[in-house]
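Have it open beside you and go through the points in order.

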Amino acid sequence: MKYRHLISPETQVYQLSEPFSLESGELLMDVEVAYRCWGTLNESGDNAVHICHALTGSADADEWWGPLFGEGRTFDGDRNFIVCSNVLGSCYGTTGPISINPATGKPYGRGFPAITVRDMVRLQWRLLQGLGVKKLQFVIGGSLGGMQVLEWGKLYPDYVDRIVSIAAAGRHSPWCIAMSEAQRQAIFADPNWCNGNYEEDSPPSTGLAAARMMAMISYRATASFEQRFGREVQEDGEFAIASYLRYQGQKLVKRFDANTYVALTEAMDRHDVSGGEGDYLAALGAIAQPTLVVAIDSDLLYPPRDQQELAQWMPNAQLEWLSSPHGHDAFLINMVALNELVMAFLGN
């Protein structure tokens, strides 16, 4: 697996013994799920917690959410059995576009079936069943992770006691879809794209880097860029902010796959907790678990009105604010403050 060196040696792989049926009706064979665990599952199997990661994340939650781990914190291995699994469609160990298609003996590439956030959660449930988890005390995640959390609440009301959705929405807005499409078009415009059938040693790096640069603009906020970069010009004559964006683009190219990026952003665009089959607000009203909805006051990508809508229509939801100049990425930056919000909700 090309990206194996980027995930921890503690990562384990669970293989489904039966085909996995997608919402589209297509079947995936020999599905694997990469996951990490902390703590010990009790005899009754009801002390578990599940962490859902964001777009380019992995199962190594202790690396990207470290301040939330430890004694007396949100993720306390002495208290809970903590699980984080890599999402369906990713490139960090779970079946996705870079995986080998058993029918062809070659990587799926762009031929990987269309997936949904609901598919991701249903696969996570299969994993937890395999691990012997009988009950989840809570499920938590930010951004794409927050979308998964809402699906958990909708699909498994008797399995999940509480949910925590951070900087997310119950469905992708036109703004989010537009941002995703612009990023995908940057990838498609790369001469190496080849309709997704690119060689491993010649991926569409320029397009993926440009997509990441666009994404980074939406992940931060005006005040964040003003404070950190302003109009500073480097010795080479380039604006510091331009150099930063190029760095972020190249950094992602080294650790992520373009087909994976396309597949996951398309899944996010399809996200709608109503499943497209009913009234959206009624679907929110059916998520009845005690819920913490965290809004970031400077979030441009999933603005506070999205979280206010969730809190208004979910019957047992409370809205809390993570105040930060850093925009959407604040849930990965202001982690001490986030931990305090979650701990207060959990009553710990």
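**Notes for a first look**

1. Start with strand β6 and its partner β4. Strand β4 (residues 32–38) runs antiparallel to β6, and 4 bridges join the two. If you want a pair to look for, C37 has V83 as its bridge partner in β6. Please keep in mind that the model is predicted.

2. Next, turn to strand β5 (residues 48–52), which pairs with β6 in the parallel sense, again through bridges, 4 of them.

3. How well is β6 covered? Of the 5 residues in this strand (residues 81–85), 5 are buried. That holds for both faces: F81, V83 and S85 lie buried on one side, and I82 and C84 on the other.

4. Now for the nonpolar cores. The largest has 76 residues, and L88, L136, W152 and Y261 are the ones that touch the most other members.

5. W152 is worth a visit of its own. Beyond its neighbours within four places in sequence, W152 contacts a set of residues that includes H50, C52, W125, L136, Y159 and Q289.

6. Finally, look at two helices. Helix α5 (residues 205–219) packs against helix α7 (residues 240–253) at an angle of about 125°, and their axes are 8 Å apart. The two helices are therefore oblique to each other, and the crossing of α5 and α7 is right-handed. Among the residues making the contact are L208, R212 and M216 of α5 and Y244, Q248 and L252 of α7.

Notes: Residues numbered from 1 in each chain as written. Predicted model: local features only at pLDDT ≥ 70, side-chain atom pairs only at ≥ 80, totals over all residues. Heavy atoms only, no water. Core = buried A, V, L, I, M, F, W, Y, C linked by side-chain atoms within 4.5 Å. Buried < 20%, exposed > 50% of the residue type's maximum accessible area, 1.4 Å probe, protein only. Contact = heavy atoms within 4.5 Å. Pairing = 2+ DSSP bridges. Axes fitted to C-alpha atoms, helices over the stretch in contact; angles between N-to-C directions. Parallel < 35°, antiparallel > 145°, perpendicular 65-115°, else oblique. Left-handed = near helix turned anticlockwise from the far one by under 90°.
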